[in-house]
Every structure is written in C-alpha cells, then in structure tokens.
Amino acid sequence: MKAILTVLGQDRIGIVAAVSARLAAYHINILDMSQTILDGNFTMMMAVDLSSCAAGFKEVKDSFRELSNELGLTIQVQRTEIFDAMHSI
C-alpha cells in the first residue's frame with residue numbers, strides 16, 4: 001500500500017528528522033519527497049510505501065497524529081487512492 005504524507009507548520013530544526021525517524025520506526029519507505037519553506041512556513045509532501053510495515057494503517061495514522069501534536073505541526077497520512085480521488089475533482 002502507498003500513502004501520501006503531508007506536513008505543514010512553522011519552520012524549525014528537526015522536522016524532517018522527526019518525521020523520517022517515525023517512518024523508519026514503522027519500516028515505511030520514502031518513495032518521493034518535496035519540501036519548501038516560504039516565509040518561515042514549512043511544507044513537505046512525501047509518497048511513502050507501507051508494504052513492509054507490520055502495523056495497521058490506523059496505528060500509523062494515530063502515531064503521526066501524536067507526532068503532529070508533539071511538534072505543533074499539521075501532519076496527515078492519506079492512502080493514495082483517497083488522495084488521488086480528492087484531487088481529481
């Protein structure tokens with residue numbers, strides 16, 4: 001299964017490291033990544049592969065919701081099918 005992970009918030013040191021560490025802990029591979037900083041606002045979008053992840057999708061989403069709260073960012077994980085359907089309208 002593939003998913004899209006998005007991160008939005010105030011830029012600071014360690015965002016990429018924290019998100020990447022969480023992905024690695026779940027054995028989730030980063031397939032592609034784009035990030036930018038605009039006037040102090042950090043945005044990142046990742047295409048990730050969950051095929052080696054032993055945890056369920058809900059557990060992964062909940063874990064990133066917790067990380068979102070810890071870092072004061074907005075982090076969302078969406079299945080690619082849902083993401084594609086939302087953006088094809």
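The questions and answers below concern this structure, which is a predicted model.

Visitor: In what pattern do the helices and strands follow one another along the sequence?

Guide: The chain contains three helices and four strands. Read along the sequence, these elements give the pattern β-α-β-β-α-β-α.

Visitor: What radius of gyration does the chain have, and what would a compact globule have?

Guide: The C-alpha trace spans about 35 × 35 × 20 Å along its principal axes. A compact globule of 89 residues would have a radius of gyration near 12 Å, and the chain agrees with this, its own value being 13 Å.

Visitor: Which element supplies the largest share of the largest nonpolar core?

Guide: The largest nonpolar core has 23 residues, and Leu 5, Val 7, Val 19 and Phe 64 have the most contacts inside it. At least two residues of this core come from each of strand 1 (2-10), helix 1 (15-25), strand 3 (41-49), helix 2 (57-71) and strand 4 (74-79). The largest share, five residues, is supplied by helix 2.

Visitor: Which residues does Leu 5 touch, not counting those up to four places away in sequence?

Guide: Leu 5 is among the residues with the most contacts inside the largest nonpolar core. Not counting residues up to four places away in sequence, Leu 5 touches Val 19, Leu 23, Met 44, Met 45, Met 46, Phe 64, Ile 75, Gln 76 and Val 77.

Visitor: Which residue of strand 3 is the bridge partner of Gln 10?

Guide: Strand 1 and strand 3 are antiparallel and pair over nine bridges. Within strand 3, the partner of Gln 10 is Asn 41.

Visitor: Which residue in the turn between strand 2 and strand 3 has a positive phi?

Guide: Strand 2 (residues 29-38) runs antiparallel to strand 3, and nine bridges join the two. Asp 32, for instance, stands opposite Ala 47 in strand 3. The two strands form a hairpin with two residues between them, and the turn residue with a positive phi, of about 55 degrees, is Asp 39.

Visitor: Is Thr 80 buried or exposed?

Guide: Thr 80 lies in helix 3 (residues 80-86). The cut-off for a buried residue is under 20% relative accessible area. Thr 80 has 18% relative accessibility and therefore counts as buried.

Visitor: Which backbone oxygen does the side chain of Thr 80 reach?

Guide: Not counting residues up to four places away in sequence, Thr 80 touches Lys 2, Ala 3 and Ile 4. At 2.6 Å, the side chain of Thr 80 reaches the backbone oxygen of Lys 2.

Visitor: How is Thr 74 classed by its relative accessible area of 40%?

Guide: Thr 74 lies in strand 4. Leaving aside neighbours within four places in sequence, Thr 74 is in contact with Thr 6, Val 7, Leu 8 and Ser 68. Residues between the 20% limit for buried and the 50% limit for exposed count as partly exposed. With a relative accessible area of 40%, Thr 74 is therefore partly exposed.

Visitor: How much of the accessible surface belongs to carbon and sulfur atoms?

Guide: Of the 89 residues of the chain, 36% count as buried. The accessible surface of the chain comes to about 5,400 Å², and the part belonging to carbon and sulfur atoms is 54%.

Conventions
Residues numbered from 1 in each chain as written. Predicted model: local features only at pLDDT ≥ 70, side-chain atom pairs only at ≥ 80, totals over all residues. Heavy atoms only, no water. Core = buried A, V, L, I, M, F, W, Y, C linked by side-chain atoms within 4.5 Å. Buried < 20%, exposed > 50% of the residue type's maximum accessible area, 1.4 Å probe, protein only. Contact = heavy atoms within 4.5 Å. Pairing = 2+ DSSP bridges. Rg over C-alpha atoms; globule rule 2.2 N^0.38 Å. Areas by Shrake-Rupley, 256 points an atom, 1.4 Å probe, with all protein chains shown as cover. Polar contact = N/O pair within 3.5 Å; in protein donor to acceptor, adjacent residues only side chain to side chain.
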